[in-house]
Amino acid sequence: MKWRKLWPCSILTYILLVLYSHGDQPTTVTASGDKWTTERKHALRDATRELWYHGFDNYMSNAFPFDELSPLSCKGRGPDWGNPSNIAFNDVSGNFSLTLIDVLDTLVVLDDPQGFQRAVQDVIDSVSFDVNTKPQVFETTIRVLGGLLSGHLFASMHDQPFYLPWYRGQLLDLAYDLGERLLPAFATPTGLPYARLNLRHGVEKGESLSSCTAGAGSLILEFATLSRLSGDKRFEKAAYKAFFALWNRRSDIGLVGNTINIWTGAWTIPEVSSIGAGIDSFYEYALKWYILSGEVEFLDVWDEVYATVMRYARSSDGYWFRSVNMHTGDLAYSTVDSLSAFWPGLQVLAGDVQNAIKSHLAYWNVWRRYSGMPEVWDAHFMQATSFHYPLRPEFVESTWYLYRATKDTFYLDVGERILRDITARSKVECGLTGIKDLRMNTRDDRMESFALSETLKYLYLIFDEDNRLHSDDSNYVFSTEGHILTLPKYALKPMSPARRRMRREENHQCPAYRPFQLPQPLECGLVRGVGSRPDVEYARHSIGVKPQTYDERYWALDGWCAIPHPESLSYDFVMSAGGQAVLEDPRPGTDKLRLVADGFVLHNITGIRVHIDSRLDGKGYDILDHMPFGKGN
């Protein structure tokens, strides 16, 4: 009798038949046995909406037209006029009603046309960029320029609920004025922009020549969108030049560093590379600008950099991404910052859902341990080293991407826990406050604009199944500040015939998500959710989280804890005609290689080093480089 081995499948089949046999609304079941009904999701969606308006209404009544709300003291806050070196505030506070601009398209997500119209009118009536402040170029671009562009797109697009008949492009005019004020930052020999400039007077004498990769190279989405909508090519050219000024300075193993001298183009000490703060959005914008514009050179950058990161920065178990030496790939630090929690979402967008699940599990267990995401986590000592949580969105963003990709109710469980933790820890009488120390829940009297423009926006989308964005199959993307950007057809540039001939046939499709299936001999066509994966317990244990009732409900008699053995995604090898081991030929001559009009022809492969990447669907490999004819050749 095989009944003992097959009974879990039989019971699961019975459960599914019961669930789908009553009513016209199918429902799913979590490991806890709680049904994820439409009503339950709507209740959490509405609770998220209420929490968002609690923050926004308090900003408008107690802080506007200042940049931010101080929710403990119930007042507004702008630049620190008395201390210009206080970059923690001055980098984002430019005296231009930051929070209002940053949340314009969140009102779209919340389906509030009247609120959107009032906010657009308030921006038009109140905001000017002729101000004597020195904000950061990057923060001003992603929060303010991106917010204005997204607001303009929705206000001006016909056949959707947020079209404003009276609107005459005023937000685009403001964006153009801001863009012109930011352009002087790019006046350097390398094309890499200064990190900060005065919006009225330009770059100040003695301004720092140091910038991070993300700050200098993550401007292409907003600047290029501004160019495409305004017809002024200067913005896109500046951002394009800065992006490739960084990429063309990557190391021999294909990694970019964290900080760079914008005047000389030299990487600065300690020359480390990671997926976190200082680099994160550089990778993000490589992929997203390709999605938005179709510019294939950005996809090429993404493909190469993703394989390189997975090869050198990924930990040996496949769950963490470390800081490594950009030249050797050797471990530099074992600490992981909270901004890197965006990475699983980017992996989903790139089609690598299985690895996204793994990396998300690590961050999820950190959240469970602290009921929030600490700013810095030490993966070696399994301990947070900075306990600040300013309501950052990155982990919530990744959770939304994974739920949309898998529709696994595991991520609804995660979203519910996030909502309950934020509500319990951050909601105060005058808004939402960041957490200064997660251990004691001390608060820091600051509601960063991204709490409303990103964190609660993504959280709302997790529970709002019928949101218009979920049925929008256009080229829209979320910027690194959560702004919805799209390009109309007239603003897209077709690939030139010459470039198309060079690239030949390409097939840019992502593999379908395959959920975890019961192994033999229990496999019977049914699947289990993410919570039942055999590596879930490993991820929990690696963070030092003790088993809880929630975990035990996923346990089964046939379950097991798997120690992961991740496979490499990229390889280098030296070719030979007969398959034998040969030495690399670093400088092949014309007897081996001949240049032709659209590439080159190899007459003899012996000694030629080739770099290949495994395809995400596991069905073959792609040759990305013929060494030494890759970078710089």
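**Aromatic rings and a disulfide**

Reader: Is phenylalanine 243 buried or exposed?

Author: Phenylalanine 243 has a relative accessible area of 0%. This is a predicted model, in which local features need pLDDT of at least 70 and side-chain atom pairs count only at pLDDT 80 or more, while totals for chains, interfaces and linings use all residues. Residues are numbered from 1 along each chain as its sequence is written, and side-chain values use heavy atoms, without hydrogens and water. Buried means under 20% relative accessible area, exposed over 50% and partly exposed in between (1.4 Å probe, protein chains only), so phenylalanine 243 is buried.

Reader: How are the rings of phenylalanine 243 and phenylalanine 298 arranged?

Author: Phenylalanine 298 is likewise buried, at 0% relative accessible area. The two ring centres lie 4.8 Å apart with the planes at 45°; rings of Phe, Tyr and Trp (its six-membered ring) pair if their centres lie within 6.5 Å, and planes under 30 degrees apart count as stacked, over 60 as edge-to-face and the rest as tilted. The pair of phenylalanine 243 and phenylalanine 298 is therefore tilted.

Reader: Which aromatic cluster contains phenylalanine 243 and phenylalanine 298, and what are some of the other members?

Author: Both residues belong to one aromatic cluster. Among the other members of this cluster are Tyr240, Phe282, Trp302 and Trp343.

Reader: What is the handedness of the disulfide between cysteine 74 and cysteine 430?

Author: The sulfur atoms of cysteine 74 and cysteine 430 are 1.5 Å apart, and a disulfide is a pair of cysteine sulfur atoms within 2.5 Å. Cysteine 74 is partly exposed at 31% relative accessibility, whereas cysteine 430 is buried at 7%. Because the torsion about the S-S bond is about 80°, the disulfide is right-handed.
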